[in-house]
Amino acid sequence: MMIARMHKRGCAVRKVVTLFLSFFKIGIFTFGGGYAMIALLKNEFVSKKQWITDDEFLDMAAIAESTPGPIAINCATYIGCRTAGFGGALASTIAVCIPSFAIIYLISSFFENFLELSYVSYALDGIQACVVYLILSAATQMIKGVRKTLFNMVLGITVFVTMLAFSVLSVDFSTVFYILICGMMGVAAYLIQLRRRKKDKK
């Protein structure tokens, strides 16, 4: 019994350490914000480690985007808690913040001199192109993972067309409203399906 408990604790500690190292590595190489991190998170925790499923990953992305705070930190906290409880959430959140904090602190110490370096300017140009690819890759993977139901397809196309039209017409419409409206429509669709099931049972 004692050996089993020690083994279980050892596994939990190893998982927390693995979470810390994984998010520390992702934090170092994530340029472009949380959306660029999505592709790295999916590759690390869905494809490689298989700690969460595709459906859980999509739910995580939706929750991380909808709740207050940076999406990168929200994702780290969610995955850490989901796989190793409070310790995992704490380790993941701290690990993903350390690289950004350290890099920004160093850059801010000599910001003007930093930008004047020609090699830095070229590196940033290359990183910008990479960020665009990472965000598009994450978006493509998430679209593939969404269930191809009529409701999801109609809602997705409607949001895309609306956002495109508002951007072209320079209409100021916060993304918060897109999230709230889509969330309410999802709840409404669920309630309608629930009523239909009750009627069918009767």
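Glu44 counts as buried, at 5% relative accessibility; buried here is under 20% relative accessible area, exposed is over 50%, and partly exposed is in between, with a 1.4 Å probe and protein chains only. This is a predicted model, where local features need pLDDT of at least 70 and side-chain atom pairs count only at pLDDT 80 or more, while totals for chains, interfaces and linings use all residues. Residues are numbered from 1 along each chain as its sequence is written, and side-chain values use heavy atoms, with hydrogens and water left out.

Which residue meets the side chain of Glu44 in a salt bridge at 2.3 Å, N to O? That is Lys49, which is partly exposed at 25% relative accessibility. A salt bridge means a side-chain nitrogen of Lys or Arg within 4 Å of a carboxyl oxygen of Asp or Glu. Lys25 joins in too: Lys25, Glu44 and Lys49 are linked in a network of salt bridges.

The structure holds four salt bridges. One of them pairs the side chains of Lys42 and Asp54, at 3.2 Å from N to O. Lys42 sits in helix 2 (residues 34-48) and Asp54 in helix 3 (residues 54-66), so this pair ties together parts that are 12 residues apart in sequence. As for helices, they are DSSP runs of H or I with at least four residues, strands are runs of E with at least two, and both are numbered from the N terminus. Lys42 is buried, with a relative accessible area of 14%, and Asp54 is partly exposed, with 39%.

Glu56 also has a salt bridge, this one with Arg82, and the closest N and O atoms are 2.5 Å apart. The pair links distant parts of the chain, with Glu56 in helix 3 and Arg82 in helix 4 (residues 71-109), 26 residues apart. Arg82 counts as partly exposed, at 40% relative accessibility.

## Helix 3 against helix 4

Helix 3 and helix 4 pack at an angle of about 135 degrees, and their axes are 9 Å apart. The axes are lines fitted to C-alpha atoms, for helices over the stretch in contact, and the angles run from 0 to 180 degrees between N-to-C directions. The two helices are therefore oblique to each other; under 35 degrees counts as roughly parallel, over 145 as roughly antiparallel, 65 to 115 as roughly perpendicular, and the rest as oblique.

What makes the contact? From helix 3 come Glu56, Met60, Ile63, Ala64 and Glu65, and from helix 4 come Ile71, Asn74, Cys75, Tyr78, Ile79 and Arg82. Contact means heavy atoms within 4.5 Å. Sorted by class, this contact has seven nonpolar, one polar and three charged residues. In that scheme Ala, Val, Leu, Ile, Met, Phe, Trp, Tyr, Cys and Pro are nonpolar, Asp, Glu, Lys and Arg are charged, and the others, Gly among them, are polar.

## Thr83 in helix 4

Thr83 lies in helix 4. Is Thr83 buried or exposed? Thr83 is buried, with a relative accessible area of 15%. Leaving aside residues up to four places away in sequence, Thr83 touches Lys15, Leu19, Trp51 and Ile52.

## The whole chain

The protein has eight helices and zero strands. Of its 202 residues, 24% count as buried. Among contacts with a separation of 6 or more, 57% come from residues 24 or more positions apart.
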